[in-house]
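This report describes a structure by its helices, its fold and the contact between its chains. The sequence and structure come first.

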Amino acid sequence: MSNAKNPKENRKRTIRVGALARVEGEGALHLVMSGSRVEEVRLEIFEPPRFYEAFLQGRDFMEVPDITSRICGICPIAYQSASCYALEKAMGVFDQLDTPIQKLRDLIYCGEWIESHVLHMFMLHLADFLGYESAVSMARDHGGIVRRALRIKKAGNAIVELLGGRSVHPVGMCVGGFYSCPDPKDAASLLPEIKACLADMVDLTFFLAQKVTYPDFKQDYEFVALCPDDEYPMNLGRIKSNKGLDVDQQEFGEAIEERQVEHSNALFSAIRGRGAYLVGPLARLNLNYEKLHPVAADLLPKVCAAVGKNLPWDNSFLSLPARALETVHALALAAEILESYEPPSRCRIPIAPRAGYGGHGTEAPRGVCWHEYRTENDGTVSFARIIPPTAQNQMCIEQDLYEMAKQVVDLEDEGAAMRCEHLIRNYDPCISCSVHFLKFERTWHEDPAKSRS
Amino acid sequence: MAPVDERTAEKPKLAVYKFSSCDGCQLSILNLEDELLDLVGAVEVAFFLEARRQVLPPPYDVGLVEGSISTPDEEERIQQVRRDCKFLVAIGACATSGGIQALRNWADVEAYKRTVYPEPAFLKTLETSTGIASHVFVDFELRGCPVNKDQILELVTALLIGRKPDIPTHSLCVECKRRGYPCVLVSKGEPCLGPITQTGCGALCPGLSRPCYGCFGPMEQPNISSLASWFNRLGFTPRDIKRMLRTFNGYLEPFKQASDYYEQREEPKGK
């Protein structure tokens with residue numbers, strides 16, 4: 001990266017961040033500017049392709065959730081649940097999944113939202129707002145905040161472990177339900193800690209709303225999320241947007257198109273005939289805020305007042321308080337499910353393999369994670385397609401960067417790069433997932449003898 | 001960039017690298033919630049892009065490598081990582097075996113590219129995905145998909161005080177029996193890979209009454225053919241057995257050799 005130059009000069013410069021930090025996976029950012037005009041913005045994804053959709057062909061349908069889990073170590077439940085629901089449709093048992101199984105699916109997903117959101121908010125993202133290079137440095141001045149966050153993150157992991165044995169690539173969920181159900185004593189023993197964490201997360205949400213300054217930023221986003229009738233989105237519901245998209249789960253694959261560009265190993269998703277759309281906490285909250293758990297719903301007006309903006313939030317920096325509200329929601333919902341838990345009469349629907357097709361998306365912490373599969377008579381997978389959240393957000397991130405680049409024209413390269421990186425982290429990009437995603441690059445094109453790009 | 005804190009100048013430098021992987025093993029380090037702040041107090045986190053922006057210059061005392069080598073760029077980068085680290089540890093199934101993405105090693109990568117991407121020519125990828133030890137000398141390996149966070153802590157603790165890490169290499173069955181779980185192979189007739197799989201996960205699958213699927217890879221000297229003959233008697237075909245062996249550690253010997261053997265014995269299927 002080159003030194004600060006006077007940006008008022010009508011020169012061409014390129015800023016490049018070669019390896020983005022505090023994101024999951026490998027990516028880079030590339031900005032080309034001519035004076036104060038932004039010429040080109042590229043979010044480069046050099047995370048290596050691993051070809052999941054190819055090697056899933058020929059596997060047994062029961063192996064799929066264990067394999068797709070490995071797409072992402074941060075959100076394995078998202079991949080497992082989307083695989084399970086899509087294959088339950090293919091096997092014709094989706095409608096037989098009874099309430100106790102659905103509740104356990106929600107419970108384990110709450111665990112993942114808590115763990116993933118807290119990791120991103122406090123370990124990866126908050127440092128940007130408070131001006132530290134990392135949570136390690138931030139912990140020197142804000143040790144108490146980091147310690148409290150770690151405790152909540154641990155509680156999220158404990159929920160996943162209750163149902164899945166471990167928090168990374170858990171082993172409990174299967175097509176048809178769960179391999180076994182938790183002992184009520186183990187479920188009950190978690191409850192006091194979840195309740196304590198809920199109280200603390202409410203407090204931390206006020207901290208984030210009141211003590212953190214959110215930059216002014218505004219975009220005309222199309223927000224896309226699951227929109228169930230009677231609950232905040234997680235596992236089920238039609239897929240809708242604020243601009244007229246309203247499709248059944250199985251039709252989502254047809255509603256969007258995937259494009260490949262040379263600078264990225266992730267496929268770009270766009271709504272057919274329209275373009276970029278945004279998935280994740282902001283989309284879910286804007287479209288479903290009235291279905292938040294009462295504890296989170298009570299907080300919402302106070303948080304809106306503290307950040308000075310009513311819903312809808314069309315500023316990607318507000319994804320941080322959105323994640324905080326969702327973490328409160330997930331803790332409150334988890335406590336509710338644990339409190340009323342009784343071991344179900346069956347934790348798994350018996351399945352006779354068949355040839356079939358199923359498509360389903362669930363709400364990963366970063367947004368809709370949609371899968372579709374075709375199977376043969378013996379249950380062997382003959383086709384697989386996976387649309388991860390970050391691939392869907394990629395075009396929005398580039399459009400945000402284009403807007404941000406205009407705002408940082410007067411900054412020297414280091415400062416401009418920091419602002420752009422911060423913006424990218426608003427999306428909690430999960431690059432491992434989307435590659436099937438990133439680098440920051442800004443080069444100064446000027447006197448070639450002095451060029452240090 | 002903030003200057004290096006003087007109090008931390010003498011601590012051993014730790015580097016954490018990512019190659020082709022899911023980030024799950026790095027996350028296992030961040031999942032050491034109770035020990036994390038003590039850990040970053042005991043070592044200088046010199047290079048860990050997933051966790052921090054600050055990068056200190058090499059050399060590093062300990063390097064932990066997550067992920068497999070699957071692109072030409074990674075093939076070059078691992079050579080520099082080896083030069084930068086005094087003690088290099090491969091962590092997790094991808095780094096020790098090539099990972100699930102090593103399934104391409106048995107397939108036509110060009111066909112794989114066409115299956116997933118409309119413009120396969122944009123991709124730069126190797127024909128194979130292989131573990132770190134296939135490319136550079138590795139001082140220690142930690143198995144698991146993902147690694148067990150307690151084994152990470154044991155590894156770092158042992159290295160800090162200068163002793164050998166205590167990582168058992170016997171079969172999962174030992175752990176399973178210790179915990180008193182009913183044997184899923186004997187009592188339920190389900191194809192459990194526990195007898196040939198290295199311990200380390202805590203016998204999670206049998207604990208949830210499902211068969212082990214081998215995410216810690218082969219134990220020391222496993223008797224795969226004996227277990228496979230039991231599976232055969234339960235009605236599983238050579239194709240089933242091949243598939244069970246070819247998962248997250250499939251390209252690691254002797255899982256690889258055995259899966260090749262059962263592949264040759266597959267009944268030609270309708271497809």
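## Helix H11 of chain B

In helix H11 (residues 238-245) of chain B, the buried residues are Ile241(B), Lys242(B), Arg243(B), Met244(B) and Leu245(B). A residue counts as buried if 20 or more other C-beta atoms lie within 10 Å of its own, as exposed if 12 or fewer do, and as partly exposed in between, with C-beta atoms placed from the backbone. Helices (H or I, at least four residues) and strands (E, at least two) are DSSP runs, numbered from the N terminus. The buried residues of H11(B) pack against helix H10 (224-233) and helix H12 (255-264) of chain B.

## Basis of the model

The model is predicted: local features need pLDDT of at least 70, side-chain atom pairs count only at pLDDT 80 or more, and totals for chains, interfaces and linings use all residues. Residues are numbered from 1 along each chain as its sequence is written, and chains are lettered from A and ligands numbered from 1 in the order in which they are written.

## Chain A

Chain A has 14 helices and 14 strands. Its radius of gyration is 22 Å, close to the 22 Å that the globule rule gives for 453 residues, so chain A is as compact as a globular protein of that length. The radius is taken over C-alpha atoms, and the rule is 2.2 Å times the number of residues to the power 0.38. Along the principal axes, the C-alpha atoms of chain A fill a box of roughly 75 × 50 × 35 Å. Of the 453 residues in chain A, 60% are buried.

Helix H7 (residues 184-211) and helix H11 (residues 319-339) of chain A have axes that come within 9 Å and cross at roughly 160°. Axes are lines fitted to C-alpha atoms, for helices over the stretch in contact, and angles run from 0 to 180 degrees between N-to-C directions. H7(A) and H11(A) are therefore roughly antiparallel, a term for angles over 145 degrees. By class, their contact has 21 nonpolar, two polar and two charged residues. Ala, Val, Leu, Ile, Met, Phe, Trp, Tyr, Cys and Pro count as nonpolar, Asp, Glu, Lys and Arg as charged, and the others, Gly among them, as polar.

## Contact between the chains

Chain B brings 51 residues to the contact and chain A brings 47 residues; two residues are in contact if their C-beta atoms, placed from the backbone, lie within 7 Å. On the side of chain B that touches chain A, H1(B) gives the most, with five residues. That side divides into 27 nonpolar, 13 polar and 11 charged residues.

Methods: Angles under 35 degrees count as roughly parallel, over 145 as roughly antiparallel, 65 to 115 as roughly perpendicular and the rest as oblique.
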